[in-house]
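Subject: Structure handover and findings

Dear colleague,

Please find the structure below, followed by a summary of what was found in it.

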Amino acid sequence: MRIHQIRLTNFRNFSDAVVTFGERRNLILGRNAQGKTNLLEAIHILGVGRSHRERREANLVKFGETFYRIEGVFFDKSVRNVIEVAYSEQRKRIRINAKEARPVDLIGFAGVVISSPEDIALVKGAPGVRRLFLDVAISQIRREYLRSLQRYVRVLDQRNKLLKQAQLSGQMPSDISVWNTKLVEIGAAIVRLRLEYLEEIEKDVESNFQKISRTRGKVGLIYKPKGYDVDSDVDSLEAVESLMADALTSLLEAEVRRGYTLIGPHVDDFCFKVDGRDLRLFGSEGEQRTAVLAIRCAEAQEMKAKRGAPIVLLDDVFAELDDERSRALTALISEFDQIILTSSRGVSLGDEAARIIEISDGRIVRNG
Amino acid sequence: MPTIGKRTAQRLALYLVKAPKEEVAALVDAIVKMKERVRFCSQCGSLSEDDVCPICRDPKRDRSVICVVEEPGNVMRIESTGEYKGLYHVLHGRLSPLDGIGPEDLAIDKLERRIENLGVKEVIIATNPNVEGEATCNYIAQALKPLGIKITSIATGVPIGSDLDFADEMTLSRAFRGRAEIK
Ligand SMILES: [Zn+2]
């Protein structure tokens with residue numbers, strides 16, 4: 001799907017703004033802190049229901065106002081879709097084509113991929129950042145992953161409550177075993193899909209990384225479950241289930257002592273290796289930046305292959321790159337359909353003409 | 001009251017304020033009578049006006065099969081399909097530590113006694129197709145295993161994450177016919 005138009009009301013520094021996008025190349029220009037990133041953020045919210053950088057909805061409301069509203073018009077070939085996300089009185093309301101919808105209904109509807117300066121945390125940051133990357137990326141292309149995630153969270157809450165009870169009473173409840181079974185069954189399905197996803201994008205990530213960095217580094221995306229190891233011969237759901245079940249058995253006592261679940265996809269991680277070297281620990285800043293760009297491009301490539309071309313949102317991605325890397329990235333993104341890119345200076349998006357959107361202090365001063 | 005939000009409650013209250021007095025009195029009367037007459041069947045736990053419900057009393061029902069459900073409403077839902085001819089057993093709940101519901105809160109030992117007394121050959125577990133219902137199903141299957149009877153589940157035939165009450169009759173009928181044995 002591509003985005004045709006967006007209207008922002010009381011969102012961040014926008015009072016009321018309408019922006020029309022071109023079908024392919026869009027360049028958002030403006031000095032720093034004028035609202036360029038906010039515009040990308042709003043499109044991302046329409047795509048997956050949440051901001052890529054702000055967890056508190058209230059912080060998205062324009063200062064002094066009580067609500068925000070984002071409305072986007074999208075086209076799936078010639079079919080028009082309208083997505084609306086509004087927030088007021090601590091409640092978020094979502095409508096898809098005027099019908100009330102849940103946040104999960106948004107995920108995968110329009111299809112978005114964002115690359116932003118905050119992405120450096122994908123390599124350098126805490127495991128939660130990488131889990132969120134996997135969850136958003138896979139959920140948008142596989143409905144069953146999203147469903148498993150929702151079910152998993154519910155099982156986790158139930159099981160943690162039971163472990164808390166066990167911790168307080170000093171007795172093991174007789175129903176712990178059925179919650180163990182559910183945790184392993186749904187948790188292993190999630191881990192299995194994550195393994196599959198990492199395996200599927202690894203080749204693209206490697207090729208992207210090599211193109212941008214002009215090296216021949218061998219890239220490995222290694223999934224790191226807590227409490228057990230998965231290696232190359234773990235190629236079935238049953239294998240993951242049995243590894244996880246064994247780990248759970250050996251950890252049960254510790255879990256009762258702590259009163260919560262210690263293993264499962266909610267605590268797992270993955271790492272980015274080049275020639276066997278973990279970039280989080282041993283990568284230069286430049287390598288880390290290149291790595292996250294390579295991952296984001298691969299995410300978009302995978303989405304294009306699996307569910308249709310995503311809207312690619314690129315926030316200031318050229319800022320930290322030298323000319324040669326910039327040229328390589330330009331060539332790489334030329335295969336994407338709709339691109340919306342922010343920059344504080346004019347950049348070339350290859351041979352194609354870009355629609356220019358200029359922002360100054362929350363106002364659209366040029367559009368097309 | 002369950003499923004009635006603030007706005008619906010306001011609308012209902014407004015309706016009652018505007019309604020004729022006789023109509024409101026009739027409604028109150030009906031509610032009181034219902035409360036006086038309707039209770040839970042001493043055998044299966046379903047709704048009944050007598051000590052034993054019409055289904056448990058009916059000699060034509062197949063006494064060798066018991067279908068286990070979470071709530072009395074599920075019995076009515078399954079009955080509306082006309083697909084099932086055996087007896088029921090209502091748990092009045094599902095395993096849910098968050099709601100403080102454990103195995104001891106569900107009528108599982110009573111189910112075991114009924115199975116032995118009636119000489120039941122098959123237990124069909126028809127708990128809701130969500131994580132709590134599935135956990136409950138697994139727990140019951142485990143608890144009944146020593147009895148050596150056939151234990152089946154309709155879980156594979158109903159859409160996951162929903163409520164049995166929302167499954168349409170066709171889907172439910174098919175789920176019963178295609179029920180799978182739990183090993
Ligand atoms: Zn009865």
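In chain A of this predicted model, helix α6 (residues 176-213) and helix α10 (residues 323-333) pack at an angle of about 145°, with their axes 7 Å apart. Axes are lines fitted to C-alpha atoms, for helices over the stretch in contact, and angles run from 0 to 180 degrees between N-to-C directions. Helices (H or I, at least four residues) and strands (E, at least two) are DSSP runs, numbered from the N terminus. On the α6(A) side, A:N208, A:K211, A:I212 and A:S213 meet A:R325, A:A328, A:L329 and A:L332 of α10(A); contact means heavy atoms within 4.5 Å.

Also in chain A, strand β14 (residues 355-360) runs parallel to β3 (residues 25-29), joined by four bridges; two strands pair if DSSP finds at least two bridges between them. Here A:I28 has A:I357 as its bridge partner. Four bridges also join β14(A) to the antiparallel strand β15 (residues 363-367), where A:I359 is partnered by A:I364. Two residues lie between the strands of this hairpin, and A:D361 takes a positive phi near 50°.

In chain B, five strands form an open sheet of mixed pairing, in the order β4-β3-β5-β6-β7. Its edge strands are β4 (86-90) and β7 (180-181), each pairing on one side only. Helix α6 (residues 131-144) of chain B lies across β3 (62-69), β5 (122-125) and β6, at about 165° to β5(B).

Residues are numbered from 1 along each chain as its sequence is written, and chains are lettered from A and ligands numbered from 1 in the order in which they are written. Local features need pLDDT of at least 70, side-chain atom pairs count only at pLDDT 80 or more, totals for chains, interfaces and linings use all residues, and side-chain values use heavy atoms, with hydrogens and water left out.

Kind regards
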